Structure formats: C-alpha cells, structure tokens
Amino acid sequence: MAVEGARLRGGDLTDRWLPRAVGLGLTFVLWWGLAKWFELTSPVSPIPYPVETLTAAADLYLTGAVFAHLLPTLSRIVVGFAGAMLLGTVAGVLMGTTAYGEKFLSPFVVLGLALPSVALAAMARLVWGFSFAAPTTAAAVAVSPFVAINVWKGVENLDRDRLEMARSFEVSNRRLLRRVLLPDVAPALFAASRFGVALSWKVVTVTEVFAAASGVGYRVNQARGSYQYVDAGAWVVAFMAVVVLVEYGAFKPLERRAFAHRDDEDVELTGAR
Amino acid sequence: MSEHTTDETETDRLASDDAAAIRVEGLGKRFETGEGVETVFSDLDLEIDPGSFVVLIGKSGSGKSTLLDVISGVLEPSEGSVTFVPGDADIEGNGREEVEIGHVFQSPRLLPWDTAVENIEFVHEDDPDYTDDLAREYLDLVGLSEHYEKFPGQLSGGQRQRVGIARALSIDPEVLLLDEPFSNLDEITADSLRRELLSVWRELGKTVLFVTHDITEAVQLADRILMLGDGEIYADLEVDLPRPRDVDSGAFVRFRGRAVERFHSIDGGEDGR
C-alpha cells in the first residue's frame, strides 16, 4: 500500500504539478525575453524584468504598503460580485422557469454580455463620480449577465425525473430544494461564481483607473502616468497573488468537495468569452 | 391460462399485514395537448389483492406508465378514484395517507451527488427511527453490501437499479410500483434482478404492480397479467404456473405463446417479446 501511495504521489507530481511548473517557467522566459527585446529596441523599456518586478511586489507585501490599496479593491470586488450574483441568479431563475421571463430578460442579457468593460467604467464614473458605488455598480452590471445566462441554463436543464421521484416519495419542498435542486444547479452556480470573481476584478480595476482615488487600478494608472513601469508591474503581480490564492485556496478545494461524485472536476461555463 | 379468478392459496400465502389492496374505480386520465384533448384511458375498474404480484403489460404509448403514475399519486386522475386498503385496517378516504408506496423507475433516478446510503436516507424525511443501519440492511438485501458509500456514478447500471429497489423497499411500502425497471439493463443482469425481486417479494409479501412491455418477463414474474390497450384493460390473465418458473419449460413456452396471441388480439404491432 505504501508503495502504491508513493506511486500515486509520484503520478500526481508529474501529471498535475509538472505541467504547471513548465508553464510558469515558460512564462518567465517569455517575459524576460520581451523585457530584453524592448530594452534593446526602445529608448525607455515599458516592460520591466521579472525578477525586479517580483522583488518590488514582495516589497509591497513586506512593507504593508499593498494593503492600503488592495483592501479597497477587494471590498469593491466582493460587493460588486455579490450584487451580480443576486441580480444574475434572480434573472436566471426567472428565465429558466417562465417563458415570459425568458422573452423579457433575454435581450438585456445579450446586451449585457456585449457591453465593453471600459464603456461601463466610463459610464459609472459619469454617474457616480469618485465613489465606492462606481466600481461596484460597474462590476455588478458587467458580471450579472454572465451569472444570469449560467443560472438560466442550469435551471432549464434541471432533471425533471429526479423531481418526479422526490414527489412520488412525498419529499417536502425544503428537502427538495436542499437535496435536489441546489445540487443540480450547483455546477452552473459554481462556474458563474468563478468567472464572476475574475470578471469583477477586471471591471473594478478598470473602473478604478477612471473613478477612484485608491485601489490597485488607481495605483497601476498612477505608476503608468509617472512612467514607473516596475511599480505598475508590481501592483499587478501583487494582486495576481490574491487571485491565485482565491483559486487554489478557495475555489479548487470547494470544487473538489462539492463535486466529489463526478469524475471530471471541470465545470462548464456558458457564455464565457 | 385462465381468465382471472382469485387464487386463494397463492395470494394468502404471500399476503401479510404489510401489504395493501388497490382498488381502482372508474379511473380516467386525459391530457390537454395543442391539438385538443387526448384520452389515455377511461372508466378503468381494477381490484388488486394484497400481497399479489400483478404485471401490467401494454404496447408503447398504451398508457401503462401513466396509469402507474396516477395510482402512485404523481399524476391526478381526470375522473374516478384509487383506493388503498391496508391489510390490517379499515380506512376512510382513499387510504393514500395510510399506506406507503415504493416506486421503482425505469431509470433509477438516484441523486448522483449522494452515496447509496444517502440516496436511501433521502426518502426517510419524517422517519424518526431511521438510521443508516436501515439503509445498509436494505442494500444488503439487494446484494450491495460492498457499496454503501459509493456514488451512483461508481456503480454499474444493474447496481444503480438495485439501489433504486432498496430505496423503494426501505420505506416498508404496502405497495411497490415498478415501471419497466429492468428494460435498460442487459439480459443477464435483468434476469438476475428478476430473481432477486421475486425472492424479496416472497420474503416481504408486498403488493407489487409491475409495468413492462416484455411478455416473457410478465409470465416469469406475475400472479396475474393485465393487458392495457386502446384505453382499457382488454385481458386479465391468471398465471397458474408453479414457481420458480423455468422459461425454457414446455408449460412456460405454451403459456407465453397463448399470452402473446392474446396480447396481439387487440391489433397488430411490433411490441411484446
């Protein structure tokens, strides 16, 4: 058994971690090559080297400077994402359960999917000015159509046979919701959540460029304005560390737990582009 | 083969206080379709003795599954009534509240995110005496002792159907309704499950109503065969062959031949093996 366990761990290492390590290594090589190329061809290189960028990002964490801008960005993402999930779930359920809801809401969802983030950010700045509401509203509006379309398809594809089975055994509505309906739409909700967080981050940071005096987007834009390319890269990397932490610290373990019964762990996303 | 007369000896031997009689009076079911009203069956009268094994056979679209759904309460009748008479009590009303009905479906309709034990637990919402030991006991009964904690996706088609049967039996039903439960399985698995079902029936003495379109299966299992077609029960046959039944014996083959002839007497057609 011990040998078998060791073999499994060995397989895990080569099957899961090696491709990731190779991918990461290649990224750094390409990044370095790009930085070198710009250094040789441009009077001022806009691409900093990986090591100096990573060092600057680490400094942001070590000095604690990162938190003054990371926390506002994260709070805007959380609120914007929560709003998008609420709006999108309500819309998706209505579209999946009633023909009227589907006909009424479909055009809004299609338009919402096509809206460019930059346009939303500019609109939010015009409407809300420099405020907490601007990036959160922009994120909620941008992300909710993606949530809606996933929940819509999830509700539409609910297994009617299982509902009939529950009825024939006289299962209560509460138990039906908790044990049948929610697990059935969970993959759709999960895919929507994962994509929603990623999209919220993009929209919030873009909006922070236009409509905030704090946040990662604001700092990246500030660094760009003063040609501090290492600084700009460091802020991006600092936030990417949080994204990786959320993905592997929260989404992956949750996914493994929620979909332990499935062979494949990948959750299909509808409407992702 | 004879037209139905109650076989006192056989039925009394199997009947127990845990079985209920089913009385169907003037039962009809209509569906509204885009092209008008479709009558599936009308004015059906039927009496099923407690503890008997009755097979309902009919061609595709004859309404046998609909009849089962009306009897189980999944569908409301358009007219008439279904009354359950528990073996040990006089009842008021239709008795649906007094009897437990176990339903086994063509596909087992298990919850894929729950283990075999959890799938059985699911239908025991209001049972204060339920423990997982009860689920394990019924899984043992259908030969799944090694699979308590497996998810449906980790079981074969036959094993999944066994869980479905264990789930239905676990509520200690007075009536067991089975809707073509073996039609999606290979013949070897189906034959093995038929033998197990008969063994469980002889042990527990439930009233069984079994739907199929397979005449051999019907003759193998039934005390009594009801043939449904053109919205009515056009034949009611008592199967007076001794058990266990050998499908290759002369008596079985002769009985089957006469049943096939009777089955096709209503009109031509391809169904009915």
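The model is predicted, so local features need pLDDT of at least 70 and side-chain atom pairs count only at pLDDT 80 or more, while totals for chains, interfaces and linings use all residues. Residues are numbered from 1 along each chain as its sequence is written, chains are lettered from A in the order in which they are written, and side-chain values use heavy atoms, without hydrogens and water.

Let's start with the cores. A nonpolar core is a set of buried Ala, Val, Leu, Ile, Met, Phe, Trp, Tyr and Cys residues joined through side-chain atoms within 4.5 Å; buried means under 20% relative accessible area (1.4 Å probe, protein chains only). The largest one has 61 residues, and F53(B), F210(B), V219(B), I225(B) and M227(B) touch the most other members. Helix 6 (residues 187–204) of chain B gives the most to this core, 6 residues; helices are DSSP runs of H or I, at least four residues, numbered from the N terminus. Apart from that core lies another, of 44 residues, including A56(A) and V185(A).

Now for the helix pairs, with axes fitted to C-alpha atoms over the stretch in contact (heavy atoms within 4.5 Å) and angles running from 0 to 180 degrees between N-to-C directions.

| Helix pair | Axes come within | Crossing angle |
|---|---|---|
| Helix 2 and helix 10 of chain A | 8 Å | roughly 65 degrees |
| Helix 6 and helix 8 of chain A | 8 Å | roughly 160 degrees |

Helix 2 and helix 10 of chain A are therefore roughly perpendicular (65 to 115 degrees), whereas helix 6 of chain A is roughly antiparallel (over 145 degrees) to helix 8 of chain A.

Terms used
Buried < 20%, exposed > 50% of the residue type's maximum accessible area, 1.4 Å probe, protein only. Helix = DSSP H or I, 4+ residues; strand = E, 2+ residues; numbered from the N terminus. Parallel < 35°, antiparallel > 145°, perpendicular 65-115°, else oblique.
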